[in-house]
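Here are my notes on the helices of this model, as numbered points. Please read them with the structure open.

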Amino acid sequence: MLTSVDADLMRVLADPLRLRIITLLARETLCTTHLIEETGARQTNLSNHLRVLREAGVVETEPCGRFTYYKLRPDVIASLAGGFAELAQTARATAENNVKRSCP
């Protein structure tokens, strides 16, 4: 089932720019310059969002000379997806068995 950690992660991913960043990073490892070009975000704004994603454990960094590359941690996304899959399975079983609480 979904936990409070998952809820925190969902809040992190709910921001449209952060969602765009992780979508881009799912396809390839990118540096800040690439992400600025792809998103059109200002460097300071993008850096703040990357910090939030890094602190949440969604992305990790890889230094390369004077650049820092970012890559998505698929295990974190898979864990969240697993929580939703479990929730959907429970909801299906509830609907199929017509489970409902009696009103007082």
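1. Buried here means under 20% relative accessible area and exposed means over 50%, with partly exposed in between (1.4 Å probe, protein chains only). Helices are DSSP runs of H or I with at least four residues, numbered from the N terminus. The model is predicted: local features need pLDDT of at least 70, side-chain atom pairs count only at pLDDT 80 or more, and totals for chains, interfaces and linings use all residues. Residues are numbered from 1 along each chain as its sequence is written, and side-chain values use heavy atoms, with hydrogens and water left out.

2. Helix α1 (residues 4-13) has Asp6, Leu9, Val12 and Leu13 buried. These residues cover an arc of only 115° around the axis, so they sit on the same side of α1; the arc is taken from the directions from the helix axis to the C-beta atoms. Ser4 and Arg11 are exposed on the face turned away from that buried side. The buried residues of α1 pack against α2, α4 and α5 (74-96), where contact means heavy atoms within 4.5 Å.

3. Helix α2 (residues 16-27) has 12 residues and spans 17 Å from its first C-alpha to its last, close to the expected 16 Å. The expected span is 1.5 Å times one less than the number of residues. Leu17, Arg18, Ile21, Ile22, Leu24 and Leu25 are the buried residues of α2. Down the axis of α2 they fall within an arc of 160°, and therefore line one face of the helix. Pro16, Ala26 and Arg27 are exposed on the other side of α2.

4. At the start of α2, a side-chain oxygen of Asp15 comes to within 2.9 Å of the backbone nitrogen of Leu17.

5. How do α2 and α4 cross? The axes of α2 and helix α4 (residues 43-55) come within 10 Å and cross at roughly 75°, which means that α2 is roughly perpendicular to α4. Axes are lines fitted to C-alpha atoms, for helices over the stretch in contact, with angles from 0 to 180 degrees between N-to-C directions; 65 to 115 degrees counts as roughly perpendicular. From α2, Leu17, Arg18, Ile21 and Ile22 meet Asn45, Leu46, His49, Leu50, Val52 and Leu53 of α4.

6. His49 lies in helix α4 and counts as buried because its relative accessibility is 10%. The side chain of His49 makes a polar contact (3.0 Å) with the side chain of Arg18. A polar contact is a pair of N or O atoms within 3.5 Å; within protein, one must be able to donate a hydrogen and the other to accept it, and residues adjacent in sequence count only if both atoms are side-chain atoms. Leaving aside neighbours within four places in sequence, His49 is in contact with Asp15, Leu17, Arg18 and Ile21.

Conventions. Helix = DSSP H or I, 4+ residues; strand = E, 2+ residues; numbered from the N terminus. Parallel < 35°, antiparallel > 145°, perpendicular 65-115°, else oblique.
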